[in-house]
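Please read the following account with the sequence and the three-dimensional view side by side.

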Amino acid sequence: MDEVNAGIAELLASCFPFVDTAIPGEEVGPTKAPAAAASHKESYPKLPLDVFEVILFYLSARDLKAVAKVCRFLSGAVKREHAWREAHAPYVEHAFTHVLTTRFPPPKGIQINMMPILAEDLYHTVPEECRGYLEIINLCAMQTKGVIYLTIDEHEVLPGEAHRRPGLHVESPVVRPGDPLARIAKSKGEEKSLDPVFLAWGQGMIDMVTKKPLDGIYFGSNVARSSRVYRSMVTSTAMVGHDGDIGSVRHLFPRHTDLGAGDIFWMTDRTPHESFHVKKKVYRQFFRLVTGPIGVWFSKHNTPNPAGVLPNCVISDIDKFADYEST
Ligand SMILES: [Fe+2]
C-alpha cells in the first residue's frame, strides 16, 4: 500500500507540479511541507485538485492502482505533446523583435503591394508618392542588398472591419502537390518528394553574433493594437494552409505582443501574426518591407515598379483566390 501511495504521489507530482501531492496520511518532512503548501496557495485554484485528493482518500488499493495507471498514461501523453509542440510550433525568442517607433508621414491614400525596389538605390526606385516613408525604409533596409518588396496601404477602416488580412497566419504559404503553385515549387527543384513545402516569403533569422535581423519582414501601422505577433515559429507544413492560415491551431501559440501606434517590428515569414477588426472608424496606414527572398511574385495582386525594378523570383499570373477555389 505504501508503495502505491508513493507511486501516486510521484505521478501526481509529475502531472501537477504546482500542487502539494502528498497522499493523505503520508508523513511530510519538515522542510517539504511549508514550500509545498506555499506553492499550492500561490498558484492555481485549489478546489478541483482537493476534490481529486479526497476521492483518492476513499479509493481501495486496487482502484488506486488504476488511477496510477491513468496518471502514468496522462503523464506520457503530456510529455509527447510537449515534444511535438517543441518540434513543430516551438517557442522562439527571436521570432520577432521591435525595431523602432516612428511617426508615420501624412497619408496620401497610397495603395501599393509588394512593389520591388532596390535596397542600394532607394531614392531612385521608391516612387515619389512614397518618399515620406523613405527614412523608415532606409532604417529597415540597412542590412540588405538587392531587390526588396515594399507594401504601403493607406485607407479608412470601418468598425468591425480588418484593414489587412484577419485571422492567425504566417506569411510563408505551403505548396502541396496539385496546387496551382506546385509547378513553381518544382521549378525551384523542390519536387523531389511529394511532401508539402513552404514557399519563401522573406524568410528571416537573427544573427546571433550581431543580434541584428537578417532578411525577414518589417511591418507596422499607425493604429495601436491593430496587429498582434506571436513569439513562436511554425516548422510543420501540416498545420499551415496554402495561404499560410494557422487559425485552427491557435492554441499552440500562447505568447504574443500587440504593436503600438508607429511601432515597426521585424519578424520571420513563419512567425504567427494577425490583423484585428477595428472597434471604431480609423484611417490606418500600414507599412511592410520584405527584405528576404520570396518564392513567387503575383502579377495579379502585386504592384509593378514604375522605375522598372523587376522581382528577382518567379512571376506568376495566377489569381491566388479564384485559381485555388477552382482546384
Ligand atoms: Fe500577414
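Two strands are said to pair if DSSP finds at least two bridges between them, and the strands themselves, like the helices, are DSSP runs numbered from the N terminus, with at least two residues (E) required for a strand and at least four (H or I) for a helix. The model is a predicted one, in which local features need pLDDT of at least 70 and side-chain atom pairs count only at pLDDT 80 or more, while totals for chains, interfaces and linings use all residues. Residues are numbered from 1 along each chain as its sequence is written.

With these terms in hand, one can pick out an open sheet of three strands, in the order S10-S9-S12, whose pairing is antiparallel. Its edges are formed by strand S10 (256–258) and strand S12 (273–275), each of which pairs on one side only. From one strand to the next the twist averages 15°, where axes are lines fitted to C-alpha atoms (for helices over the stretch in contact) and angles run from 0 to 180 degrees between N-to-C directions. Strand S9 (residues 227–230) is joined to S12 by three bridges in the antiparallel sense, and arginine 228 stands opposite glutamate 274 in S12.

The chain as a whole has eight helices and 15 strands. Of its 327 residues, 30% are buried, a residue being buried if 20 or more other C-beta atoms, placed from the backbone, lie within 10 Å of its own, exposed if 12 or fewer do, and partly exposed in between.

Strand S3 (residues 147–157) is mostly covered, with eight of its 11 residues buried. Six bridges connect S3 to strand S2 (residues 111–118) in an antiparallel arrangement, and here leucine 118 has valine 147 of S3 as its bridge partner. S3 also pairs with strand S13 (residues 282–290), again antiparallel, over nine bridges, and in this pairing valine 157 stands opposite valine 282 of S13.

Is cysteine 313, finally, buried, exposed or partly exposed? This residue lies in the loop between strand S14 (296–298) and strand S15 (314–316), and it counts as partly exposed because it has 18 C-beta neighbours inside 10 Å. Leaving aside neighbours within four places in sequence, cysteine 313 is in contact with Pro293, Ile294, Gly295, Val296 and Trp297, contact meaning that the C-beta atoms of two residues, placed from the backbone, lie within 7 Å. Cysteine 313 and tryptophan 297 are 16 residues apart in sequence, and their C-alpha atoms are 6.7 Å apart in space.
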